[in-house]
Each structure stands twice: as C-alpha cells, then as structure tokens.
Amino acid sequence: MNKRKTFLELGTNVIRIKPIGIGVLSGLTLCGTLLFILAFAFVKSSSISESLIEPIMLISSGIGAFMGGYFSSRLSKEKGLIYGLLCAFLMFVFVFIAGLASVRTPLSLLTLIRLFIMLFCGGLGGIIGVNKKHK
C-alpha cells in the first residue's frame, strides 16, 4: 500500500503539512473577510480617512496571521512557534504575490513591515494555540 508523504523533514525535525495548509487557508479566509467588511464600511462611510487604509490592511493581515498560526498549532499540538511562523510566512507570500499581481509595486518598507507584523502575530498565535488546554 502506497502512503502519501504528509510531512516535511528538516534534519531531525518533522513538520506536518496538513496543519500548516489548514492554518494558511483559514488565516487567508479571515484576512480576506476582514478586508471585505472594512472595504464595505469604507465605501459606505464618507468620514473614514484614506490614510487609514494601510494601517487597516496591516491590522487585518496581523489578525489573519495570528488566527492561522493559532489554528495550525492547535491541529499539530506541538512546535507552536515553528508552525505559527511557517503559516504566517506562507500567508505573507500569498498576500505579496497577490499584491504584485494587482498593483505591481516593488518591495517597499510597508512590505517589510507587513512581513514582520505577520511573522510576529503568527508566531504568537502558534505559541498561544499550542499552550491552550485541550478539552
């Protein structure tokens, strides 16, 4: 019987792919939903300043990375920081590629800030998720 490989071996460490994939998908879904809701509120309200667009995008990216790291580490039940950071980095890659495809702007300071925010929030979510008591 042929079993599919569902893990990634890094030296002596084994990283399972399924929790990271679920974390990335859930984090990107949450991030997209937050951006959609905030864009709708921005269009409907004339009192929101345009200077708030970038901070709102950074906050929603951070929340999505936190939840992605949280979900991936809850599913893996080990190595919360590693799973959270991997999940956040993959989410950043997807967001960066989507940004390049739509806006075609090169790497900027805001891109690096988004990377650090997403890595910090994803790692924090992974740590909290793995240390939360299981029922």
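This is a predicted model: local features need pLDDT of at least 70, side-chain atom pairs count only at pLDDT 80 or more; totals for chains, interfaces and linings use all residues.
Guide: Residues are numbered from 1 along each chain as its sequence is written, and side-chain values use heavy atoms, with hydrogens and water left out.

Visitor: Why are helix 2 and helix 4 called roughly parallel?

Guide: The axes of helix 2 (residues 53–76) and helix 4 (residues 109–131) cross at roughly 30° and come within 7 Å. Angles under 35 degrees count as roughly parallel, over 145 as roughly antiparallel, 65 to 115 as roughly perpendicular and the rest as oblique. The two helices are therefore roughly parallel.

Visitor: What makes the pair Phe92 and Phe96 stacked?

Guide: Rings of Phe, Tyr and Trp (its six-membered ring) pair if their centres lie within 6.5 Å; planes under 30 degrees apart count as stacked, over 60 as edge-to-face and the rest as tilted. The ring centres of Phe92 and Phe96 are 5.8 Å apart and the planes stand at 20°, so the pair is stacked. Both residues lie in helix 3 (residues 80–102), 4 residues apart.

Visitor: What makes the pair of Tyr70 and Phe71 edge-to-face?

Guide: The centres of Tyr70 and Phe71 are 5.9 Å apart, with 65° between the planes, and the pair is edge-to-face.

Visitor: Why does Tyr70 count as buried, and why does Phe71 count as partly exposed?

Guide: Buried means under 20% relative accessible area, exposed over 50%, and partly exposed in between (1.4 Å probe, protein chains only). Tyr70, at 15%, is therefore buried, whereas Phe71, at 34%, is partly exposed.

Technical notes
Axes are lines fitted to C-alpha atoms, for helices over the stretch in contact, and angles run from 0 to 180 degrees between N-to-C directions.
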